[in-house]
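Please look over the sequence and the model shown below before reading on. The report then takes up the domains and the ligand in turn.

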Amino acid sequence: MTAAQDEGAFKALTKKISGARGFSCEAYKDKCLRRRIAVRMRARGVHTYEDYGRLLDQDAHEYDLLLDALTINVTKFYRNAETWDALARTYLPALWQAAGGRVRAWSAGCASGEEPYTVAVVLAEAARAAAGGEGDPQPLAGARVDATDVDRASLEKTRAAAWPASAFTEMPAPLVRRYFSEASSPLRRAVPELQRLVRVLKHDLVRDAPPDPPYHLIVCRNVVIYFDRPTQERLFARFTDALRPGGLLVLGKVETLLGTARARLELLDPRERIYRRPE
Ligand SMILES: C[S@@+](CC[C@H](N)C(=O)[O-])C[C@H]1O[C@@H](n2cnc3c(N)ncnc32)[C@H](O)[C@@H]1O
């Protein structure tokens, strides 16, 4: 097969996937799509894009498996602990104070919930510190974390709010003990005070407007890396619009702000990729 034929077959397949399941293949980097589709083709013993397209026509369940492979859902509590430490120690106390405790946060591309619940923990800790740093988790009136993803299975896990011990290996042990009970062993479940903070919503970053702006804090990590450059630029501009003046945007450790948002946000912490919308 020539390169042009291969490109044509690949484009026909991604068009089919976008049409059938509303998954916006066009926004993703080709290299990333090709790698993930190849995983499914190998699993089914299929060698060409045409044959894989025919397989999708015959076996609707293969679409589910493919979408699972395309939306890479690897995550952890306190992933890149230094970022969360910097946020909790250096930036969040002022944000918490300015918002009078009514911090609105958005975890965009939240996978199975470890990230929005990490945000909930750092907010709950800010509340505890503001109350003198003692005692049990406090009810947090007015604070909220919107947890969104395009992948339904991930959202179900976020709603269940219970995770295996392996999800917590990067989180400081005292925080795990304070905010996650062992009641439903072998899973640890978020305490009710934390669950009340988190609102789970289906949301496609490529197609949908931000769910409920303005936000004090937007965390979008290890998601935009899969999108092509124009999509990344559009998203960063949207995030900037969705932030309150003084609000923070946190990206993944290997992600960099692109496009017009670069001039509108100040880079607060280059190492942790934390940006701020000026007052
Ligand atoms: C690698 S995980 C990152 C999870 C978490 N943010 C973290 O850093 O640990 C990427 C997530 O982005 C989600 N995702 C991919 N495309 C998306 C889109 N168009 N809209 C919303 N979420 C998307 C995937 O479903 C997946 O859960």
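## Domains

In the protein chain, the domain assignment (bounds of this kind come from an automatic or database assignment) gives domain 1, 3-70, and domain 2, 81-276. Taken over C-alpha atoms, the centres of domain 1 and domain 2 are separated by 31 Å, and nine residues of domain 1 are in contact (heavy atoms within 4.5 Å) with ten residues of domain 2.

## Basis of the model

This is a predicted model, in which local features need pLDDT of at least 70, side-chain atom pairs count only at pLDDT 80 or more, and totals for chains, interfaces and linings use all residues. Residues are numbered from 1 along each chain as its sequence is written, while side-chain values use heavy atoms, with hydrogens and water left out.

## Ligand surroundings

A polar side-chain atom of Tyr-28 lies 2.6 Å from a nitrogen atom of the ligand, and an N or O atom in the side chain of Asp-149 is 2.6 Å from an oxygen atom of the ligand.

How values were computed
A polar contact is a pair of N or O atoms within 3.5 Å; within protein, one must be able to donate a hydrogen and the other to accept it, and residues adjacent in sequence count only if both atoms are side-chain atoms.
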